[in-house]
Amino acid sequence: MRIRIVDAFTDRPFAGNPAGVLLLDAFPDDDRLQRIALEVNHAETAFAHRLPEGGEADWALRWFTPATEVAMCGHATLATAHVMHTTGAHEGPVRFATRSGVLVATPREDGSITLDFPTAPLTRVEPPAGVAEALGAEPLAVLDTGPDVGDLLIEVSDEKTVHGLTPDHRALAAHSARGVIATARAEDPARGYDYVSRCFFPNVGIDEDPVTGSAHTALAPYWSERLGRPGLTGLQASPRSGRVRTELRGERTLLSGHAVTVIDGELLA
């Protein structure tokens with residue numbers, strides 16, 4: 001199996017969110033997929049194979065963390081589309097059949113790729129008991145992001161608070177299916193981003209995810225309503241960091257970013 005490691009939502013290596021990408025003839029059994037993802041040991045490893053022509057999708061796509069399969073992943077989808085377009089495996093927009101429906105990735109003239117994802121349905125909820133202590137900050141607002149994303153979206157007081165979070169990951173695990181998205185308005189939009197976030201996913205084996213495309217399907221509608229604009233840029237302020245351009249289109253959200261292949265090798269086992 002040919003395996004590549006791609007840094008997504010960045011235009012330079014060793015930043016953004018790394019993902020393993022394997023383009024296959026067919027999916028092996030689930031246990032083998034999970035073992036490969038554990039060996040790669042990045043937040044996500046994406047597995048894809050071509051589908052017969054004439055259907056609603058071009059490729060089947062699945063995503064695995066080191067611990068489990070997930071229903072949606074933005075950065076590994078971006079990484080997979082990047083590999084397809086840079087290697088000639090697919091030209092033009094590619095339609096992926098996934099557990100979250102058909103997702104489309106479209107290459108742009110500037111080298112970026114735009115993903116068309118479902119917008120997360122947001123429901124305001126009361127802050128769960130203990131979540132402030134687990135996160136290490138008082139929530140200004142708490143929203144459920146629906147079954148596909150599976151997080152609590154928590155707005156905190158300011159950007160400095162987001163940068164300074166040192167959560168209790170074990171305690172956070174009790175509060176949502178996947179984890180917690182912490183966010184705040186950008187302190188200075190002149191720096192090129194409108195809001196900042198960090199994502200903690202202890203329930204899928206990822207204490208902090210470097211840059212999370214799926215989280216931005218919830219961040220985009222939340223901040224677009226607050227700021228009054230459909231098109232925004234989010235900074236995910238993990239140690240690796242990365243930016244996601246978002247455009248809200250009702251029930252769909254467009255996520256755009258660059259990607260860089262950093263390793264190209266062969267899986268021998």
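C199 counts as buried, at 0% relative accessibility, where buried means under 20% relative accessible area, exposed over 50% and partly exposed in between, with a 1.4 Å probe and protein chains only. This is a predicted model, in which local features need pLDDT of at least 70, side-chain atom pairs count only at pLDDT 80 or more, and totals for chains, interfaces and linings use all residues. Residues are numbered from 1 along each chain as its sequence is written, and side-chain values use heavy atoms, with hydrogens and water left out.

C73 is also buried, with a relative accessible area of 3%. A disulfide is a pair of cysteine sulfur atoms within 2.5 Å, and by this rule the count is zero. The cysteine sulfur closest to that of C73 belongs to C199, 11 Å away, which is too far for a bond. C199 is likewise in no disulfide.

Helix α1 spans residues 30-40; helices (H or I, at least four residues) and strands (E, at least two) are DSSP runs, numbered from the N terminus. Its buried residues are L33, Q34, I36, A37 and V40. These lie on the same side of α1 because they cover an arc of only 160° around the axis, taken from the directions from the helix axis to the C-beta atoms. R35, L38 and E39, on the other side, are exposed.

The buried residues of α1 are covered by elements including β1 (2-8), β2 (17-24), β3 (44-50), β4 (59-64) and β5 (69-70), with contact meaning heavy atoms within 4.5 Å.

At the N-terminal end, D29 caps α1, with a side-chain oxygen 3.1 Å from the backbone nitrogen of D31. After α1 comes N41, whose phi is positive, near 60°.

Note on methods. Polar contact = N/O pair within 3.5 Å; in protein donor to acceptor, adjacent residues only side chain to side chain.
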